[in-house]
Every structure is written in C-alpha cells, then in structure tokens.
Amino acid sequence: MLARLPLPAQLDRTIMTGSLVAGLVAGPILLILLALLAMGRISGVQLVFYAAAAVILFGAIGAVTISNVVHAAMCLIATLLGVAGIYLLLLTEFIALVQVLVYGGGVIILVLFGLMLTNAAADPVVTDGSQKPFAFGIGALLAGTFVAAMLSAQWGLTAPVLVPFRIFGERIFRDFSVPVIVVAILLDIAFTGAFVNARRPEASETTEAAK
Amino acid sequence: MIPLSNFLVLSALLFAIGFYGVLARRSAILILMSVELMLAAVAINFIAFATYRDPKAFTGLVFALFVIAVAAAEVGLALGIVLRLYREHRTGYVDEANSLKW
C-alpha cells in the first residue's frame, strides 16, 4: 500500500521509522503517567508537566546524539515545542506563542536550510580520538551540580499568576521601551551581517581579490 | 500546583544535555542546535523564577523574550557565517576551521 502513495521512498521510510521510534518512546511514558493519574498519585497539571518534560528531555537527547542531521533537527523541533508547553504551564501564553512562532517556525527553517546548503550530512569521521566520553563526563558533572544545588535550596514561593496579553503589552512598551529598541537595532545589525556574510560575492569583487 | 524545583531541575538537565552537544558535536550547525537547547533551558529558568517569585515584576518575562530574540539573531548570523565558510573552504566542521586567516 505504501508503494502506491506518491512519496519518495526515502521519505516514507523516514516517516515510518520516526513515528515508530517516537511512539515506542512516548507510549510507555504516557501509559505510566495515565496509570498514576488514575490512581490519584498525580494531578492533571502534573501529568501535563511530566509529559512535556519527557518530550523535552528525549528530544534533546535525540538532538545531540542522532548522527543523521535532519533527524536531529526533527528532535530539536519536538524539544522546542515541549518548551512552549512548559511556558503554557507557567501561565505565560504570549511567550509560548512567541516560542512556537520564532523557534518552531523561523529557527528550524533556518537550521534546515543551513544543513541542506552545506554538506553536513553527518558528523565527520573522527581520527583524533572521540571527545564524547569527555563531553559526557562534563555534562554529567554539570547536571549533578545544578540538580543538587536546586533541590537543596529553599525558595519562598508564591503561586503563579496569569498575565493577560493586554497588560503584558502595556508593560513591555511602557516600562521596557528602551530595551525593545535596543533589541530591534541588534536584530537589524545581526541580519545585515548575516546577509553580508551569506551573499555570493559579485564578479568584480572576486577578480579584485584574485589580483 | 507544580513545585518550582521541578522546572529548575528540568532546565538544569536540558542545559547539561545542550552542553554535552556543544562539546561532542563537530559540525558547526549541530553545535548551533545544541546552543539553542542551552538557550531554551535558560529561558525556562527565567520564566519559572519570574512567575513563581514575583508575578508583578515583569523583568524575567521580558528577559526571556529578549533571550528568544537574541537567539534568533544569533542563528541567522551564525548560519550566514557557516554558509560563507562552506562556500569558500568546502567545510562545515569546526575542527577544520582552525585558523583566523587563510
């Protein structure tokens, strides 16, 4: 049946393998969480939090370990959308929307274009010894230190409060107007720089450089 | 209600995974993706502290918004540089781009 669909052979294999792996990872986690919810051990909000956390962590692990770069970029999409879900749990809808628009849309498209315009088909063959054990050690140390520090600290807590869009916009453009302008100028400079770097040099410039 | 420490531990783990990626990857674009993970972890931290500690002050939320904006600018600029590196020297690997002037 799949052969009749007008898909390139590579694409349907990729889709099938990807959804199979994602289902195999996500299915048991979701089942465990639903069982805990049914037993009354966790609330609905906590279920959403743990599901989003699982999406984020497994997506992040996939993004830094999978050697096929397009698959790694797909894992990055999962992670960034999970982060948007965490923002929703923290009652900041506007930042969640911005996250989906800017990261899920723009940044991922840019990264995929970058992958396809260069030959980054996979990590290169390593000849000078793997750096992965060293990197894993440093990462584990970092994670252990942070987690230990954050679990032992005591934070005075207040309950999260929903910030309406209107008040958010008023505060941003009234109290933080100067930083907004500074960020606008920064974006302008950065994209001018990106354009200058990425454009093809004109014929006159290349001949001058050759002289 | 979810305790604040859950969000902090999540962001710490995400940051550590991103750091592993920065150290272990050799392709410039994959390193960039790992940096994106680290920036997302930092933004989670900002927003968690902002909403739990002082919902009336907007500093954390605005800071997270600016982190997202700066990350977008960084990705655009870095991909421009990587494209130029690839066009002029046929490589996208940071190991091979190890001199400041050719």
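# Report on the two-chain model

## Chain B at a glance

Of the contacts in chain B between residues at least 6 apart in sequence, 49% join residues at least 24 apart; two residues are in contact if their C-beta atoms, placed from the backbone, lie within 7 Å. Bear in mind that this is a predicted model, where local features need pLDDT of at least 70, side-chain atom pairs count only at pLDDT 80 or more, and totals for chains, interfaces and linings use all residues. As for labels, residues are numbered from 1 along each chain as its sequence is written, while chains are lettered from A and ligands numbered from 1 in the order in which they are written.

Chain B comes to 3 helices and 0 strands, running α-α-α from the N terminus on. The radius of gyration of chain B is 17 Å, well over the 13 Å that the globule rule gives for 102 residues, so chain B is more spread out than a compact globule. That radius is taken over C-alpha atoms, and the globule rule is 2.2 Å times the number of residues to the power 0.38. Along the principal axes, the C-alpha atoms of chain B fill a box of roughly 55 × 25 × 20 Å. As for burial, 57% of the 102 residues of chain B count as buried. Here a residue is buried if 20 or more other C-beta atoms lie within 10 Å of its own, exposed if 12 or fewer, and partly exposed in between, with C-beta atoms placed from the backbone. Helices and strands are DSSP runs (H or I, at least four residues, for helices; E, at least two, for strands), numbered from the N terminus.

## Two spots in chain B

G60(B) sits in helix α3 of chain B and is buried, with 21 other C-beta atoms within 10 Å. Leaving aside neighbours within four places in sequence, G60(B) is in contact with F46(B), I47(B), F49(B) and A50(B). V9(B) is 51 residues from G60(B) in sequence and 18 Å away in space, C-alpha to C-alpha.

S99(B) belongs to the segment after α3 of chain B. With 6 C-beta neighbours inside 10 Å, S99(B) counts as exposed. Between S99(B) and M1(B) there are 98 residues of sequence separation and 52 Å in space, C-alpha to C-alpha.

## Chain A: layout

Chain A has 8 helices and 0 strands, in the pattern α-α-α-α-α-α-α-α along the sequence. Of its 211 residues, 19% count as buried. Among contacts in chain A with a separation of 6 or more, residues 24 or more positions apart account for 49%.

Chain A is divided into domain 1 (21-121) and domain 2 (176-211), with bounds that come from an automatic or database domain assignment. The C-alpha centres of domain 1 and domain 2 lie 32 Å apart.

The axes of α3(A) and α4(A) come within 8 Å and cross at roughly 170°, which makes α3(A) roughly antiparallel to α4(A). Axes are lines fitted to C-alpha atoms, for helices over the stretch in contact, and angles run from 0 to 180 degrees between N-to-C directions. Angles under 35 degrees count as roughly parallel, over 145 as roughly antiparallel, 65 to 115 as roughly perpendicular and the rest as oblique. Residues making the contact include V69(A), L76(A) and L88(A) of α3(A), and E93(A), Y103(A) and L115(A) of α4(A). By class, this contact has 19 nonpolar, 2 polar and 1 charged residues. For the classes, Ala, Val, Leu, Ile, Met, Phe, Trp, Tyr, Cys and Pro are nonpolar, Asp, Glu, Lys and Arg are charged, and the others, Gly among them, are polar.

The loop between α3 (69-89) and α4 (93-117) of chain A holds L91(A). Most residues other than glycine have a negative phi. L91(A), though not a glycine, has a positive phi of about 65°. With 16 C-beta neighbours inside 10 Å, L91(A) counts as partly exposed.

## Where the chains meet

The contact takes 71 residues from chain A and 61 residues from chain B. On the chain A side, α2 (44-65), α3, α4, α5 (132-152), α6 (165-175) and α7 each supply at least two residues. The largest share of that side, 12 residues, comes from α5(A). By class, the side of chain A that touches chain B has 55 nonpolar, 13 polar and 3 charged residues.

The residues of the α7(A) and α3(B) contact divide into 17 nonpolar, 4 polar and 1 charged.
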